[in-house]
Amino acid sequence: MAKIQAIRTTSVAQAAEADDVTPAFSADPAQALETLASQLAATAVERDRQGGHAAHERELIRASGLLRLSVPTEFGGAGASWSTVLAAVRRLAEADSALAHVFGFHHLQVAGVLLYGTPAQHAYFLKPTVERNLFWGNALNPLDRRVVARAELDGYRIDGVKSFSSGSVGSDVLTFSAWHKASDTALIAAVPTRAEGITVNPDWDAFGQRQTDSGTVRFDHVRLEAIQVLQAPGVTATPRATLRSQVAQLIMTNLYLGLARGAFQEARRYVREDARAWFAAGVQRHADDPYVQERFGEFWLRLQAAEALTDQAGLALDAALERGPSVTADERGRVAVAGAQAKVLAHRAALEVGSELFDVTGASSTAARFGYDRFWRNARVHTLHDPVAYKVRDLGRYALLDQIPEPTAYS
């Protein structure tokens with residue numbers, strides 16, 4: 001098994017490997033996003049086939065300046081709303097859902113710093129993120145408790161292995177969770193990926209989302225300083241802090257919606273430009289077949305419904321975050337309801353359009369050079385992140401009993 005060995009790094013400000021990293025920020029983030037999406041789309045099919053670490057494409061993301069999108073302006077970032085960040089994830093997912101995942105999870109870690117951290121920690125982590133154009137990854141998987149934290153002097157010692165560590169390979173900084181047995185709660189912290197004792201294993205081998213760098217991370221006697229602890233053991237998260245899970249859920253929702261839109265656009269192009277009409281249809285163009293048109297109408301309805309609820313959920317998240325520390329548990333719960341609605345429809349749209357597109361494109365569209373199977377494969381792998389049935393259950397409880405979802409890492 002290949003390993004990326006750690007080298008000693010003492011602070012976040014030293015996290016990037018290069019001696020001098022000058023961010024290439026675009027004056028127009030929207031144009032930077034379109035340029036990046038085009039760059040990723042150009043090689044998406046072949047890279048999906050190969051899998052592994054997309055080092056060059058991650059540098060394209062870094063060079064776009066879009067890593068700073070969610071960082072507040074006081075730290076040199078763009079200070080974009082979360083609905084804007086989520087729309088960027090969606091756009092990139094149309095082109096390449098694996099790199100959109102890495103991009104989205106970078107911003108999720110920034111959200112974690114903002115929601116869990118103190119003002120001093122905001123400056124400690126986010127100023128270097130912009131100044132050195134740092135790329136964040138994570139080893140936060142809350143269901144994997146093999147990483148443990150033990151109190152040591154004025155900090156903690158971290159040991160163990162964490163799975164499903166999206167974006168960890170090639171990252172500069174890692175957010176992670178560790179189980180604190182003494183308090184029977186989790187600690188959440190962030191450290192430079194190349195800190196002494198950290199080893200990132202590029203062993204992700206799923207049949208979809210092949211370039212999400214979601215391998216395992218090993219911690220061997222990693223020393224954790226107090227400034228790096230975002231949530232100490234035994235601390236009860238505020239309603240505002242628990243909005244982090246809603247940022248995570250909406251990143252996934254927009255990724256699914258982007259996959260559905262990408263599948264739709266590819267099917268539309270193929271039917272209009274490459275497909276031949278079925279002999280019994282009585283039409284010259286495949287696009288004039290009424291049965292094909294009916295299927296596209298169904299695809300369109302699924303996309304429109306999912307997009308409307310996803311946009312609505314993004315705005316609800318913006319509104320809750322603007323409330324700052326005064327956001328209530330009930331307000332947070334309504335964001336969770338809006339997010340669950342959107343996620344269920346986006347989940348279904350990604351799987352259904354990604355699979356059913358072949359009904360309208362036909363046998364020739366299954367050629368490997370098109371790579372159309374990637375839409376369903378990527379959606380199928382990522383939508384297993386947490387069971388959608390529990391989102392529908394939460395919605396049922398809300399619709400029937402006015403019961404808002406309980407805050408967890410997934411709701």
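A nonpolar core is a set of buried Ala, Val, Leu, Ile, Met, Phe, Trp, Tyr and Cys residues joined through side-chain atoms within 4.5 Å. Buried means under 20% relative accessible area, with a 1.4 Å probe and protein chains only. This is a predicted model: local features need pLDDT of at least 70, side-chain atom pairs count only at pLDDT 80 or more, and totals for chains, interfaces and linings use all residues. Residues are numbered from 1 along each chain as its sequence is written, and side-chain values use heavy atoms, without hydrogens or water.

The largest nonpolar core holds 71 residues. Leu92, Phe296 and Leu317 have the most contacts inside this core. Helices supplying at least two residues each include α1 (29-50), α7 (290-322) and α8 (329-361). Helices here are DSSP runs of H or I, at least four residues, numbered from the N terminus. The largest share, 16 residues, comes from α6. Domain 1 (29-134) and domain 3 (239-401) both contribute, so this core lies between them. The domain bounds come from an automatic or database assignment.

## Around Leu317

Which residues does Leu317 touch, leaving aside neighbours within four places in sequence? They are Trp82, Leu86, Leu243, Gln246, Val247, Leu250 and Val335. Contact means heavy atoms within 4.5 Å.

## Strands around β7

Strands are DSSP runs of E, at least two residues. Two of them pair if DSSP finds at least two bridges between them. β3 (residues 155-162) and β7 (residues 216-224) pair antiparallel over six bridges. β6 (residues 198-201) also runs antiparallel to β7, joined by four bridges. Arg218 in β7 stands opposite Val161 and opposite Thr199.

Key. Buried < 20%, exposed > 50% of the residue type's maximum accessible area, 1.4 Å probe, protein only.
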